[in-house]
Amino acid sequence: MIMAVGSFDAAAIVRAAVEMSIGATANHDNATTAHVHGWGAVWRDLADGGLRTHRDERPAATSAPGSPVATVETDFLALHVRNATLPENRGSMYTHPLERADDEWLFMHNGYLPTVHRLLGMEASVFDSAEYFDYLLERGGGPLEEATALSRLRAIPPGGMSGNAIAVHPRQAHLIHWSPPDTPTPRFFAMQRHVGEGMEVVASEVVPSLAPADAWLPLPADTLLTYPFATAPVTSPAERNPTCPLPGTASSTASTRPASPRPTVPAF
């Protein structure tokens, strides 16, 4: 996963996602380096402050560079590239961002949480990321609050690997960095943060093409970052505040496509 806010080049963020997807930046404790099971993005449209999404079942390495995402002008962009933990969880309904049309939340998850379904009263897991989405963000609820979110995360039964996620709403975005204490590959699920002039990037790995290695800092464990969106749309990059790495708070939302179908999870 990678998320950028502020004043940045979308094409560079897409290239960074591709580099991570092919293992070019891999420096961790997991045998998985290639992520080839589709990818997706969500960004803020500067013309109206709405959210736009893009999903593709093809590998990011072949389809992301020529996609519309690489040419957007925006002050918020998040990308998720998949390596499906389970072979049966591949295809359009499993491609992030997951979407809940009834309350406008979008969700990207990096990890595997096969026990969270128990907290929804389900007998078995159908799609762990969707279940995690519905557990962490109650339907109709407001933005995440750090203490409450961490309490809910720590209540997840043992057996999972990571709850790293990006949750996006028309009014704000949240980045969640959390893994259970016994996760078998803690370096794989680390998150890295780079703050530059008028911009900020958080990514699953250090990406030297975006900034030198010493310009990245590990994000502390058990962290929830919140990014409010601007109260009015920004119509051009020149109108953004270059001294502020955050975009501020959006008042409306729109999507380039209807909510993707996904396995049904009971309302929590």
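Predicted model: local features only at pLDDT ≥ 70, side-chain atom pairs only at ≥ 80, totals over all residues.
Student: Why is α1 called largely enclosed by the rest of the structure?

Tutor: A residue is called buried when its relative accessible area is under 20%. In α1, 10 of the 12 residues are buried, so the helix is largely enclosed by the rest of the structure. Among them are A10, I13, V14, A17 and M20.

Student: What do the buried residues of α1 pack against?

Tutor: They pack against β1, α2 (60-63), β4 and β10.

Student: Which strands make up the open sheet of 7 strands, and in what order?

Tutor: The order is β3-β2-β4-β1-β10-β9-β11, and the pairing is antiparallel. At the edges are β3 (51-56) and β11, each of which pairs on one side only. Helix α1 (residues 10-21) packs on this sheet and touches β1, β4 and β10 (199-203); the direction of α1 makes about 20 degrees with that of β4.

Student: How do you know that β1 and β4 are paired?

Tutor: Pairing needs at least two bridges between the strands. Strand β1 (residues 2-6) and β4 are joined by 4 bridges and run antiparallel, so they meet the cut-off of at least two. Across from M3 stands A78 in β4.

Student: What makes β8 largely enclosed?

Tutor: Strand β8 (residues 172-177) has 6 of its 6 residues buried, so the rest of the structure largely encloses it. Q172, H174 and I176 point one way from β8, while A173, L175 and H177 point the other way, and all are buried.

Student: How many bridges join β7 to β8?

Tutor: There are 5 bridges between strand β7 (residues 164-169) and β8, and the two run antiparallel. V168 stands opposite A173 in β8. The two strands form a hairpin with 2 residues between them. With β12, strand β8 makes 6 bridges, again in the antiparallel sense, and the bridge partner of I176 in β12 is L224.

Student: Why is the pair of F76 and F229 called edge-to-face?

Tutor: Two rings pair if their centres lie within 6.5 Å, and planes over 60 degrees apart count as edge-to-face. The count of aromatic pairs by this rule comes to 4. For F76 and F229 the centres are 5.1 Å apart and the planes stand at 70 degrees, so the pair is edge-to-face. This pair links distant parts of the chain: F76 is in strand β4, F229 is in the segment after β12, and 153 residues separate them. Both F76 and F229 are buried.

Student: What makes F107 and F133 a stacked pair?

Tutor: Planes under 30 degrees apart count as stacked. The planes of F107 and F133 are 5 degrees apart, and the distance is 4.8 Å centre to centre, so both values fall inside the limits of 6.5 Å and 30 degrees. F107 lies in strand β6 and F133 in helix α3 (residues 128-136), so the pair ties together parts that are 26 residues apart in sequence.

Student: Why are F107 and F133 called buried?

Tutor: F107 has 0% relative accessibility and therefore counts as buried. F133 also counts as buried, with a relative accessible area of 0%. Ring pairs link F107, Y132 and F133 into a cluster.

Student: How do you know that R100 lies over the face of F133?

Tutor: For a charge to sit over a ring, the CZ of Arg must be within 6 Å of the ring centre and within 35 degrees of the ring normal. R100 lies over the face of F133, 4.5 Å from the ring centre. The charged end of R152 likewise sits over the ring of Y135, at 4.5 Å from its centre.

Student: Where is D222 found?

Tutor: D222 is in the loop between β11 (217-218) and β12 (223-228). Its relative accessible area is 28%, so D222 is partly exposed. Phi of D222 is near 55 degrees, a positive value in a residue other than glycine.

Note on methods:
Residues numbered from 1 in each chain as written. Heavy atoms only, no water. Buried < 20%, exposed > 50% of the residue type's maximum accessible area, 1.4 Å probe, protein only. Phe/Tyr/Trp six-rings, centres within 6.5 Å; stacked < 30°, edge-to-face > 60°. Contact = heavy atoms within 4.5 Å. Axes fitted to C-alpha atoms, helices over the stretch in contact; angles between N-to-C directions.
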